[in-house]
Structure formats: C-alpha cells, structure tokens
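Thanks for coming. I have a few local features to go through, and I will keep it short.

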Amino acid sequence: MAAPVLWWCCPGSRFAFSRVGCGSWHRRGPPTGSTSTGKRGQSSVAQQPHITAQKPRKGEREWAAVVGLEIHAQIASNSKLFSGSQVHFAAPPNSLVSFFDASLPGTLPVLNRRCVEAAVMTGLALDCHINRKSLFDRKHYFYADLPAGYQITQQRLPIAVNGSLAYSVSVGRKPSQMVTRTVRVKQIQLEQDSGKSLHDDLRSQTLIDLNRAGIGLLEVVLEPDMSCGEEAATAVRELQLILQALGTSQANMAEGQLRVDANISVHRPGEPLGVRTEVKNLNSARFLAKAIDYEIQRQINELENGGEILNETRSFDYKLGCTVPMRDKEGKQDYRFMPEPNLPPLLLYDSGSLPSGADPQQVINIDRLRERLPELPRVTRERLVRQYGMLPEHSCALLNEVGLLEFFQNVIKETRAEPKKVTSWVLNTFLGFLKQQNLAVSESPVTPSALAELLDLLDRKAISSSAAKQVFEELWRNEGKTPAQIVAEKKLELLQDLEALEQLCRSTLEAHPHVVMDLKRGNPRAINKLIGLVRKATLGRADPTAIKEVLERQLSS
C-alpha cells in the first residue's frame, strides 16, 4: 500500500494536523544551531523538542511518513494467562506470584479459557479471520523482571489475523468535518506480560515486582497505514472503546492496561521505505501523538542534514517532549523463537465443526462468542445520531468518557425534556463540572435522577435557565437535596404574577428614561439592558421572554 504523502509541520500541539492526510508543510532545513553526524547519541535534534516549520520552496520535494502500531492490552480476567494467580492493580509488591510466575523448576502452564475468549471476541469485533488452530512460542530475552528468560507468545500462528479498524478523524476546523479512515489489523496474539522493574536512583538499585508477570495480554498489530500522530492516537482511542465495550480489557492507560509501541519511518514518495525506529511503552494517547510527530520531524531533520536513521528502540521523554535512544533494535534472530513445548496447539471450533458430544466447558465455540458481541462504538454513535438527532461530534463525546453514555441514557429515561437539551446539559454543564474537579462520572455527586428532575422544572418553565444553573451548583455541593427543595429554599421559582411583573417593568421604564430614549433612537440592544434591570429586580425569577413581551407592549402603548 502506498504511503500517504505528508507535508510536515512542527509537533508542538497535542495534534499537529487538521486536514485530510494529516497534511501540512514539512521543514526545509535543520533548526538553527543544530548539527548532525549520523551517529547514535550525537545528534542535537533529540534534545530539541521545539522545532520550527516552514513552507517548502517551489521545486523542493516532500516527505512521506509511515506509522505502524503494536498495542498491548491487558485482558480483563480474574487470573493470569497460564497460572491461577489473581490479577489486581496496586496490590502489595510480589503478593500475587505463583510458582509458575516465578518460573520455579517443574511448574507447567495451564491456559486460561477467559483469555482465549477475550482474544476471539476482540478478533471478531475487528473483522479478523479467527484461526481454528493457533500455536504458542517462546520468545527469548533476558530482563530481571522476566524470571523464565523467555515470554510465551504466538509468533508463528496467532489466534486472529487480517482484520480492520475504522476510525474518524477531523479534516477541517469544525469538529463536524470528519472522515472515516481504516487501518489494517495484521494480527492479534495472546502473550504474557512481564514483571515490573522499579528503579531506586537514590540507593542505586533496581527492585523487582512480579505481580504483573504472567498477566494475559492481547497484542494487536496494526499495519503501517497511518502517517501522523493524530491518526495513530485516534485509532488507539477507537480500539480502547471497542475493548471496553466488549469487556475484554478495561484498557485504562493510566494503570498500564493499554500500552503502545509505535514504528515510524520517513521516505521520499516513490522511493523505498526508510529505516524505522520503534518508540516503546507509550501510555497515553496524547503522548503517543506527540512522540510520533516529534520522531517524524527528527528523522526528516537527520536525513536532510546528511545523517542516517538507525534501526533502534527509543523512548519518549514527556518532560522534554522528545524521543531518546534506548538500545539497538533486536531482530527475530535475537529472540531465538522456538515452539512452546509445554502447550499443545490451541484448537477452536464453530457450530459446524464442533465434535459431537463435546463438553461445552472444554471447547470454545466461535459462533457462540459472536452471538455475545455487544453493540460496538461505531454502531452506538450512529444510533445516537439517528435516535436523538444529535451531532456526530456529540455522539463521540458521550462515548469518549467512561460512564457518560449510561448517565445520559438514564437522564433521558426520567425526563420530559428534549434530547437536545439533555445533550447540552450533560456535555456542557455536567461534564464541565467533572473536568474542573478531575472526577470520573461514577464519582459525580449529581445523579441522573436529580438532573432529570432539574430539567423537568426547566422544561415546564417553573424556573429560569440561570436559576437552573444555580440549582445545579447547589446539587453539586449538597448531596441529598432534591432540585425542588433547593428551588423552594432559595426562592428561585419563576414569577407567575403577571400584574406584579407589569408593575416592575413600568417602574424600570420610568427609572431609566435614558435607556428608553436610546431604544427609541434605534439601538436594538437597549432592550437587553431593560430586561437585565427587570430580572435583577425580580432576583432572576422572571422569564426573560415574558419580560421582553411586557416591555415591548408597554413601550408601544
């Protein structure tokens, strides 16, 4: 597949692109004062996270960037992939380690059925071909947090292959200007996670925690069909939503349940692909986008200055905003792959090939798992747009925050307010308060029932919109009170006495003749001044529309 053409820009912002193809102009030359020798560790580019971008001159050739991803998702399972040890985040160090996890002699792996089902369901959701027979292999490398000296993975024949992942990216300044892109899924494989090395610089020592060793991982390998950080981050976010919808992974990047390795190279269009580098262990979509954008620019600068790109592994320093070398990239020969002798081939069945009399607990039926697939995020977004008439970007926002869609749907069930108004309140007011206090939806002091009751009061014009915001703020501060109780205590109900409202409007006109004169001279904004004065006199309890009607009637008489 031909690589998309990239017109490159400075990767200073979260997403460096806003047009189709992530396109913008590439840099013409090296940053001021930079030098390049082509030798590892001697390029000053890696120490300069801020690089300026300029439009290329006529006749200059552009660069194309190629980005592929390896995504490691921790499987949502009570126990590890090949042992009965529990899986629990933030447990005391080395408290969840079995004899097999510690690689004691004589221990053997026992495959976790739940992990296999999670891999199959993920493969089905990504339109993969599920291999009826898959194999396990040993991948050898020597780290202190890998007691066996090898990882059990699926290098030769993985459980799922040849799928696709569709995602939407913005192609203009407006959020509604979006196009759908597709990246090919090369394969999905089951493998073990490693332990954790904790570096104590103060004492110059490294401590090992094996709680994570042996936890089941899904490695999703995406083909190099992307060309910038924004595309990669959006694809990862879409996969994250799919995994969470399936329940196959919680995919919480902050807890290390979803980690991404990015493979990046640049080349001139029409020429062979360039040497790639791998940026390891990116644990946030924002850092993923920044790391890729920086690395593309670094490689362009290196090549334009006569240097060479090394096939190496790099890490992203989020404080400096740049990638730094870690080690030379290993090849397949370095890993010395070999068949795993202690695990037989993994056999899967469908309804047509299921052996007669087979125990359902001893076999995995692909068709049964396909029937269990839930509504996927793409379908959910389309349904929300169709069912409630909301904008596509609003449907995306509801899914992007864990628990927000469920909150929205619970409010809809309990209120008579229009879906458009509910959407506005949930995405603007409710989500805004959550962001201000850095809370999850599950931690909100305002329940769906309370918001529904508030919207009902607003819908039947018992309170004004400004009063509704006061009530919401009070609900946020004081759990236990209902909106109706707050309205009564604060005396926020709308003024229903029309005669009293007319008297207030008349008094306001008499007290501010200069505003009335300004209005009669043709300034239409003067009416808003009068409405504000009346509302102030009623302590915000009068409906602005009703005030305007009374004022216009009195002014014309």
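Where is the place of Asp 137? Asp 137 sits in strand β5, residues 137-140; helices (H or I, at least four residues) and strands (E, at least two) are DSSP runs, numbered from the N terminus. Before going on, this is a predicted model: local features need pLDDT of at least 70, side-chain atom pairs count only at pLDDT 80 or more, and totals for chains, interfaces and linings use all residues. Residues are numbered from 1 along each chain as its sequence is written, and side-chain values use heavy atoms, with hydrogens and water left out.

Back to Asp 137. Its relative accessible area is 1%, so Asp 137 is buried; buried means under 20%, exposed over 50%, partly exposed in between, with a 1.4 Å probe and protein chains only. Its side chain makes a polar contact of 2.3 Å with the side chain of Arg 156. A polar contact is a pair of N or O atoms within 3.5 Å; within protein, one must be able to donate a hydrogen and the other to accept it, and residues adjacent in sequence count only if both atoms are side-chain atoms. A polar atom of the Asp 137 side chain also lies 2.9 Å from the backbone nitrogen of Gln 155.

Next, helix α3, residues 285-304. Of its 20 residues, 16 are buried. Just after α3, Gly 306 has a positive phi of about 85°.

Ala 90 lies in the loop between β2 (63-74) and α1 (113-125), and Lys 491 in the loop between α12 (483-490) and α13 (498-511). Ala 90 counts as exposed at 65% relative accessibility, and Lys 491 counts as exposed at 57%.
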